[in-house]
Amino acid sequence: MYRNSFYYITGIFIVALIISGFSSTNSGKAHSPNPMQDHESYVSEWKKVDSLINIRLPKSALEITESIYQQARASDNHPQLIKAVLYKVRLSSEFEEDFFENTASDLLAEVDEAKSPAKQVLHSILAEIYWRYYQSNRGIFYDRTMITGIEKGDLRTWDLNTLMDEIIRNYFASLEMPDDLKGTPLDAYDVILDTASKSKLFRPTLYDFLAHRAVDFFMNDESSIVQ
């Protein structure tokens with residue numbers, strides 16, 4: 001689906017599906033570190049991760065990814081942080097039985113701690129995780145009536161209305177604080193994003209990118225299934 005978008009994450013797959021990814025800077029008027037800060041220091045570690053992936057050792061790759069994640073969080077290197085989050089999603093999908101449920105729970109925790117525009121980015125990723133979960137479990141949701149006892153962090157307790165409401169809510173949340181997003185160019189995030197030729201002439205900011213992802217969802221006929 002997202003290969004038709006101007007940007008997509010290099011090599012990040014959820015099962016066989018591409019999930020678009022992003023990066024971010026600090027919120028508001030707070031100091032924003034250079035998004036490329038310490039980039040070179042991560043290169044060798046990512047090479048180790050990719051080598052382990054190539055020889056089908058996802059758990060070992062995940063251990064190094066977790067170390068990169070902690071380093072990126074400590075240094076406020078948000079592009080590398082988001083990249084690590086996405087790699088964790090990818091690698092977990094290869095061996096976790098409850099991949100979608102666990103990933104959604106982890107992303108909820110990330111969203112709660114994140115600042116703008118990282119928070120909006122994570123909302124967009126979370127919305128896609130929910131959407132992929134629905135696509136993988138259509139039969140279950142069609143047969144499930146509205147239920148009580150819904151738990152926010154447990155997809156297994158959700159009915160179709162709840163799931164679709166959360167998808168829509170997260171896509172709208174991904175566009176909150178538009179001034180922050182419009183002031184965030186994508187140029188700094190090439191460490192994460194592949195870009196088509198001349199694509200940034202049409203979608204030069206993070207707002208453009210997130211809006212395009214949201215529009216992609218709402219243009220899908222199934223997005224209005226509960227209406």
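**A guided tour of the predicted model**

The protein contains nine helices and four strands; helices (H or I, at least four residues) and strands (E, at least two) are DSSP runs, numbered from the N terminus. This is a predicted model, in which local features need pLDDT of at least 70 and side-chain atom pairs count only at pLDDT 80 or more, while totals for chains, interfaces and linings use all residues. Residues are numbered from 1 along each chain as its sequence is written, and side-chain values use heavy atoms, with hydrogens and water left out.

Begin by selecting the whole chain and colouring it by element. From the N terminus, the order is β-β-β-α-α-α-α-α-α-α-α-β-α.

Next, show the surface. The protein exposes about 11100 Å², of which carbon and sulfur atoms supply 51% (areas from the Shrake-Rupley method with a 1.4 Å probe). Of the 227 residues, 52% are buried, that is, under 20% relative accessible area with a 1.4 Å probe, protein chains only.

Now select residues 78-92, helix H3, together with residues 118-136, helix H5. Their axes, lines fitted to C-alpha atoms over the stretch in contact, come within 12 Å and cross at roughly 15°. H3 is therefore roughly parallel to H5, a term for angles under 35 degrees.

Finally, display the side chains between the two helices. On H3, select Ile82, Val85, Leu86 and Val89; on H5, select Val121, Leu122, Ile125 and Ile129. These residues make the contact, meaning heavy atoms within 4.5 Å. By class, the contact of H3 with H5 has eight nonpolar, no polar and no charged residues; Val, Leu and Ile are among those that count as nonpolar.

Terms used:
Buried < 20%, exposed > 50% of the residue type's maximum accessible area, 1.4 Å probe, protein only. Axes fitted to C-alpha atoms, helices over the stretch in contact; angles between N-to-C directions. Parallel < 35°, antiparallel > 145°, perpendicular 65-115°, else oblique.
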